[in-house]
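Thank you all for making time this morning.

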Amino acid sequence: MSTNNRAHSDSWACLHAGEDRLGKNTSLTTDIAQTSVFALSGIDEMRKIAEGTSTAYLYTRYANPTTRVAEQKLAALEQAEDCLITASGQAATLCAVLAACVTGDEIVSMLDLYGGTLKLFEDGLRRFGIKSRLVPFHELGEIEKHFTDRTRVLFLETPTNPTLRCVDLEALAAKARKRGVVTIVDNTFASPILQKPLALGCDLVVHSATKYLGGHNDLTAGAVCGPVLAVSAARELMKQFGGCLDPFASYLLVRGLKTLELRMERACRNAAAIAEALQQHPKVARVLYPGLKQNDGHAAAARQMKAFGAMLSFEIKGGTPEVERFVQALETWVLAASLGGVESTLSYPLLSSHVGLSEARLRQLDVSAATVRLSVGIENSADLIADLRQALDRV
Ligand SMILES: Cc1ncc(COP(=O)(O)O)c(C=O)c1O
């Protein structure tokens, strides 16, 4: 592999980490090992694999060369010793958390979590006897009050969905470390281009690679990044649960990663311009964007992120009828419940990520019927702003 110990830039990692092409008469692009199983050179090789003394590939559910390229790129980007790619972001979170917890253990986390993670913690993991304590955003400063002798994991997400609140990773990870608690960060919204939680003292990073890492809305994948031992433990669970990624999807992920830095730069610039423009519009009640000084956690974002991201939310003056008219009038922005792709999309949290939540919980999360979430893509910002303005004018 061409990855070596020399420190490289993120753009180098995106393009070259994990690739094995230098000085070889081979394809420039990443080969797709579209196979479920590998031919072995002989019984001796099989014996070495069984004894754990060979690194030869055996079976794609365990590891695959194309997937390994994606893993090496992400490990380099997150400044991690190793990375595990999984079939989805959910699978990554499950493997990372279960690698640290057994029945009777507890997770401390935030109320402002991605809805799927909330369900996993409050339903799926509870069935395994693992309890979660979900702390409201404004109480995170006293996180230590929620740690017990059974707390094994502090699970954080920043910026949050959809209010783009940011939490201080360095401060919280330090408190967790003092108590021997492992800090796991969902870095999906920021991507490793903007935020590197391991460098801030966190222990593991998980991603929905479905979003910015893939970047083209054409694959579902996840990742766990961190120290070799922890990633190996997560890989063992991935092998048991069967949540591996198909090699072709890994190829798409590798291809998407090559432009990650460029896409993030453009999308972040667009988002900043859109936040500015929306603030000026008379039909907009409030803009939620970490780049704005009044946003909860602006200071934390300024400290720990390279730029303020490409996600933003805003409140339309009114409620569901106004949101409906706005969405119907859009000509470029697409209503879609994911994020992080090259095309600009929008979502309506009340009916997607936050569907079914009580009024009280929604108020606590600062989400209402007027909240619209934007995932800013890489189009020309003038086109994006013009479309938002004309649709808002028609509300
Ligand atoms: C922040 C965050 N984490 C995790 C996930 C889960 O990822 P996936 O859909 O790839 O399983 C999502 C999906 O929307 C997400 O937004």
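How many residues of domain 1 are in contact with residues of domain 2? Before I answer, please keep in mind that what you see is a predicted model. The domain assignment of the protein gives domain 1 as residues 10-257 and domain 2 as residues 260-393, and the C-alpha centres of these two domains lie 27 Å apart. As for the contact itself, 42 residues of domain 1 touch 38 residues of domain 2.

The size of an interface is often given as the accessible area lost when the parts come together. Here the area buried between domain 1 and domain 2 is about 3,400 Å², and carbon and sulfur atoms give 59% of that area. On the domain 1 side, the residues that lose the most area to domain 2 are Pro 162, Leu 194 and Tyr 212, which together make up 22% of what that side buries.

Let me turn to the polar side of this boundary. Between domain 1 and domain 2 there are 14 residue pairs in polar contact, counting pairs with both residues at pLDDT 80 or more, and the count of salt bridges between the two domains is three. Arg 303 and Asp 168 also meet through their side chains in a salt bridge, at 2.8 Å from N to O.

Which helices supply the side of domain 1 that touches domain 2? At least two residues each come from helix H1 (10-16), helix H5 (115-127), helix H6 (169-178), helix H7 (191-194) and helix H9 (247-257), and H7 gives the most, with four residues. Sorted by class, that side of domain 1 has 21 nonpolar, 14 polar and seven charged residues.

Now to the ligand, where the residues around it include Ser 88, Gly 89, Tyr 114, Glu 157, Asp 186, Phe 189, Ser 208 and Lys 211. A backbone N or O atom of Gly 89 lies 2.9 Å from an oxygen atom of the ligand, while an N or O atom in the side chain of Ser 208 is 2.8 Å from a ligand oxygen atom. With Asp 186, an N or O atom of the side chain is 2.6 Å from a nitrogen atom of the ligand.

Finally, a search of the whole structure finds 27 salt bridges.

Notes. Residues are numbered from 1 along each chain as its sequence is written. This is a predicted model: local features need pLDDT of at least 70, side-chain atom pairs count only at pLDDT 80 or more; totals for chains, interfaces and linings use all residues. Side-chain values use heavy atoms; hydrogens and water are left out. Domain bounds come from an automatic or database domain assignment. Contact means heavy atoms within 4.5 Å. Buried area is the accessible area (1.4 Å probe) that two parts lose on being put together, summed over both. A salt bridge is a side-chain nitrogen of Lys or Arg within 4 Å of a carboxyl oxygen of Asp or Glu. A polar contact is a pair of N or O atoms within 3.5 Å; within protein, one must be able to donate a hydrogen and the other to accept it, and residues adjacent in sequence count only if both atoms are side-chain atoms. Ala, Val, Leu, Ile, Met, Phe, Trp, Tyr, Cys and Pro count as nonpolar, Asp, Glu, Lys and Arg as charged, and the others, Gly among them, as polar. A residue is near a molecule or strand if one of its heavy atoms lies within 4 Å of it.
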